[in-house]
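This report goes through a few local features of the structure shown below.

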6 protein chains.
Amino acid sequence: MRVCRRATFNSAHRLYRKDWSDEKNQEIFGKCNNKNYHGHNYTLEVWVSGKVNEETGYLIDLKIVKDLIKDEIIERFDHRNLNLDCIEFENLNPTAENIVMVSWNLLRSKLDKSFGLSIKLWETENNIVEYDGN
Amino acid sequence: MRVCRRATFNSAHRLYRKDWSDEKNQEIFGKCNNKNYHGHNYTLEVWVSGKVNEETGYLIDLKIVKDLIKDEIIERFDHRNLNLDCIEFENLNPTAENIVMVSWNLLRSKLDKSFGLSIKLWETENNIVEYDGN
Amino acid sequence: MRVCRRATFNSAHRLYRKDWSDEKNQEIFGKCNNKNYHGHNYTLEVWVSGKVNEETGYLIDLKIVKDLIKDEIIERFDHRNLNLDCIEFENLNPTAENIVMVSWNLLRSKLDKSFGLSIKLWETENNIVEYDGN
Amino acid sequence: MRVCRRATFNSAHRLYRKDWSDEKNQEIFGKCNNKNYHGHNYTLEVWVSGKVNEETGYLIDLKIVKDLIKDEIIERFDHRNLNLDCIEFENLNPTAENIVMVSWNLLRSKLDKSFGLSIKLWETENNIVEYDGN
Amino acid sequence: MRVCRRATFNSAHRLYRKDWSDEKNQEIFGKCNNKNYHGHNYTLEVWVSGKVNEETGYLIDLKIVKDLIKDEIIERFDHRNLNLDCIEFENLNPTAENIVMVSWNLLRSKLDKSFGLSIKLWETENNIVEYDGN
Amino acid sequence: MRVCRRATFNSAHRLYRKDWSDEKNQEIFGKCNNKNYHGHNYTLEVWVSGKVNEETGYLIDLKIVKDLIKDEIIERFDHRNLNLDCIEFENLNPTAENIVMVSWNLLRSKLDKSFGLSIKLWETENNIVEYDGN
């Protein structure tokens with residue numbers, strides 16, 4: 001059994017490595033490397049797995065997941081520039097893959113160990129990434 | 001290989017345990033405990049897994065799945081009050097988790113044993129639950 | 001120029017007139033007349049028309065519209081039974097048409113007269129209603 | 001009769017007036033004023049009205065509209081910072097209202113005068129703006 | 001006030017005029033002219049305008065609109081080849097514009113004259129057409 | 001970790017086996033057997049699994065997946081009649097199950113062996129199929 005809470009956040013970013021030349025950044029990341037940044041409406045699905053509590057009928061109260069997403073993800077990344085405003089990406093390229101790994105780790109560290117965790121992130125309606133810790 | 005049929009139904013419900021005090025119900029279930037009920041447009045995805053029949057090219061004729069959903073789920077829950085009209089929830093709190101388990105059991109009992117079954121239920125566009133029997 | 005804020009709310013309702021016999025209610029409203037209620041996830045689009053303020057570049061700050069929807073619509077109708085919990089429908093059948101008219105009047109009375117107002121309500125993904133005061 | 005072509009673009013922006021103090025920008029635009037920018041997946045619907053050509057059965061070949069959107073909107077705004085990279089917003093606050101007016105003017109100047117034009121822009125799934133030149 | 005019923009149908013078609021050469025058909029209609037046809041999932045929104053009946057609270061019972069769409073549109077066009085199976089397109093190129101005009105006329109002729117009618121057709125998620133008789 | 005690229009294509013098809021009688025085809029495939037074909041807007045999600053490259057932060061550059069989908073799927077199936085124009089279905093019934101298996105094999109043969117592959121295909125908004133090679 002898995003339950004999910006969906007949320008969205010809006011961020012600027014740029015695909016870029018400080019330790020690469022401008023030419024190499026441009027060659028590998030193309031238009032995603034625009035030096036003044038571009039941005040996305042990210043949609044996040046947070047899936048929590050476990051057993052249903054027979055008393056409440058909840059696997060987990062989704063309000064807990066909603067608040068967790070708010071505290072750990074929305075407050076950090078929404079209306080931010082991921083490269084400039086977020087310490088998590090100070091030395092990490094904010095690709096969708098890295099955003100989803102960072103987000104998973106942030107949520108994992110606050111979620112009770114009895115639950116499994118898998119998350120899914122839409123960067124655009126055509127680009128999606130999914131991560132469960134492996 | 002898995003195939004899926006999607007359907008929707010509209011029901012009223014209330015999160016509530018008869019054997020709890022009003023105070024405890026309110027504390028645990030909050031606004032979902034509103035004594036006069038509220039409701040949802042539920043969206044259900046029914047995923048059937050198995051081998052493709054080489055003759056027909058079907059894993060299963062989705063019309064069979066459509067009819068199964070109609071007979072077992074829509075006829076039971078659509079335009080109903082889950083707490084008052086549905087014997088399945090007479091003594092079971094109609095959380096999304098319990099609805100999905102009840103639905104899975106109803107579908108499982110009518111679906112040929114050679115097929116696997118997993119179902120996904122949207123309570124709102126932000127709250128989702130998935131169940132495969134475990 | 002028009003700007004829109006979208007919101008959702010979840011309510012129970014029943015199509016029913018107290019001054020009609022049960023038979024007539026059933027004949028006219030069919031399964032929507034289920035005596036124990038059913039429910040929906042309503043999606044509301046609130047469209048405000050007017051001139052763009054050249055200083056701010058806003059027609060209206062959408063946070064004002066978001067708060068207006070919260071105060072006038074969400075607080076009143078979300079997680080409520082429209083027939084039993086909402087004085088607006090004490091003597092008014094809560095059809096999508098009547099919900100949209102009531103909502104328009106509630107929003108209109110609080111929105112500055114310099115703005116035009118039109119609202120759109122999804123009862124299901126297939127049933128929609130739109131109202132602009134006429 | 002109206003026909004529509006939908007497209008998307010991803011941009012960074014910041015709501016900000018150079019001629020206002022930081023305090024005033026923050027007071028009026030709040031989190032949308034984040035100095036390092038944030039961003040969106042913008043979805044654009046371009047609606048062209050007119051008469052259907054009886055020979056082709058087209059009001060306008062939508063490939064013309066698709067190319068027009070690509071040349072005038074996507075090439076200008078996609079993977080750009082609207083404030084820093086786009087001359088159109090050098091002295092214009094890139095609110096959704098101003099983006100839609102700028103886009104309408106860009107499209108209008110290239111679209112044959114025999115056609116009417118109305119455009120709709122989603123900044124997020126909850127914030128929308130529509131403009132037809134008035 | 002306007003109310004809407006949404007429906008879908010799946011058809012094959014080809015953009016083609018019998019009285020044009022193959023070369024001209026190819027030049028004007030490109031890949032949409034593929035001689036063996038291609039196809040779409042069409043989504044139709046049927047919007048009916050009028051006054052709300054104070055007794056029922058309905059502008060029109062949407063079941064009437066649902067049945068009208070089924071009888072006039074789904075039965076005619078769903079799982080059909082518009083060019084070969086549908087007399088309406090025997091001598092009419094099945095562009096989205098022509099499909100929407102034919103559909104509007106079919107629905108208009110069966111809908112009580114006291115109602116207004118406007119319809120919207122999605123050929124793909126990016127190509128849309130709207131028609132109200134003008 | 002999995003990443004996904006979404007794409008769409010529009011095709012005509014007919015469910016039909018040459019080696020069956022017309023009666024048997026009609027009995028098994030019903031309206032999907034319409035002799036002049038019908039069609040769909042197919043939506044395809046291509047999910048690639050593997051390890052994230054620590055240098056780029058990409059599991060795979062999604063532009064590679066986009067181009068692969070274009071070369072192997074869109075060029076072959078978009079604006080085509082699957083039964084008549086596509087050698088892959090010359091002797092294979094183009095059910096969603098068979099389309100997804102053919103597509104998986106086409107993509108698998110061109111995708112580096114270090115990656116896992118799973119694909120999901122929507123035939124309509126209600127009919128979906130998923131395949132990962134098993």
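The model is a predicted one, and the values here are computed from it.

At the other end, where α2(E) starts, the backbone nitrogen of E:Lys63 has a side-chain oxygen of E:Asp61 within 3.0 Å.

Helix α2 of chain E covers residues 62-77, which is 16 residues.

## Buried side of α2(E)

Which residues of α2(E) are buried? They are E:Leu62, E:Val65, E:Leu68, E:Ile69, E:Glu72, E:Ile73, E:Ile74 and E:Phe77.

Within chain E, these buried residues pack against β1 (2-13), β2 (38-49), β3 (80-81), α3 (82-85) and α4 (96-110). They also pack against an element of another chain, β5 (127-131) of chain C.

## Helices α2 and α4 in chain A

Two packed helices are described by the distance between their axes and the angle between them. In chain A, the axes of α2 (residues 62-77) and α4 (residues 96-110) come within 9 Å of each other and cross at roughly 145°. The crossing of α2(A) and α4(A) is right-handed. On the α2(A) side, the contact is made by A:Leu68, A:Ile69, A:Glu72, A:Ile73, A:Arg76 and A:Phe77. α4(A) contributes A:Val102, A:Ser103, A:Leu106, A:Leu107 and A:Lys110.

## A:Arg6

A:Arg6 belongs to strand β1 (residues 2-13) of chain A. Is A:Arg6 buried or exposed? Its relative accessible area is 13%, and buried means under 20%, so A:Arg6 counts as buried.

The side chain of A:Arg6 makes polar contacts with side chains of two other chains: B:Asn126 at 2.8 Å and D:Glu125 at 2.7 Å. With neighbours within four places in sequence left aside, A:Arg6 is in contact with A:Thr43, A:Leu44 and A:Glu45 in its own chain, and with B:Glu125, B:Asn126 and D:Glu125.

Chains A and C are not joined by any contact, and their closest C-alpha atoms lie 14 Å apart. Chains D and F do not touch either, with nearest C-alpha atoms 14 Å apart.

How values were computed:
Residues numbered from 1 in each chain as written. Chains lettered and ligands numbered in written order. Predicted model: local features only at pLDDT ≥ 70, side-chain atom pairs only at ≥ 80, totals over all residues. Heavy atoms only, no water. Helix = DSSP H or I, 4+ residues; strand = E, 2+ residues; numbered from the N terminus. Expected span 1.5 Å × (residues − 1). Buried < 20%, exposed > 50% of the residue type's maximum accessible area, 1.4 Å probe, protein only. Contact = heavy atoms within 4.5 Å. Polar contact = N/O pair within 3.5 Å; in protein donor to acceptor, adjacent residues only side chain to side chain. Axes fitted to C-alpha atoms, helices over the stretch in contact; angles between N-to-C directions. Left-handed = near helix turned anticlockwise from the far one by under 90°.
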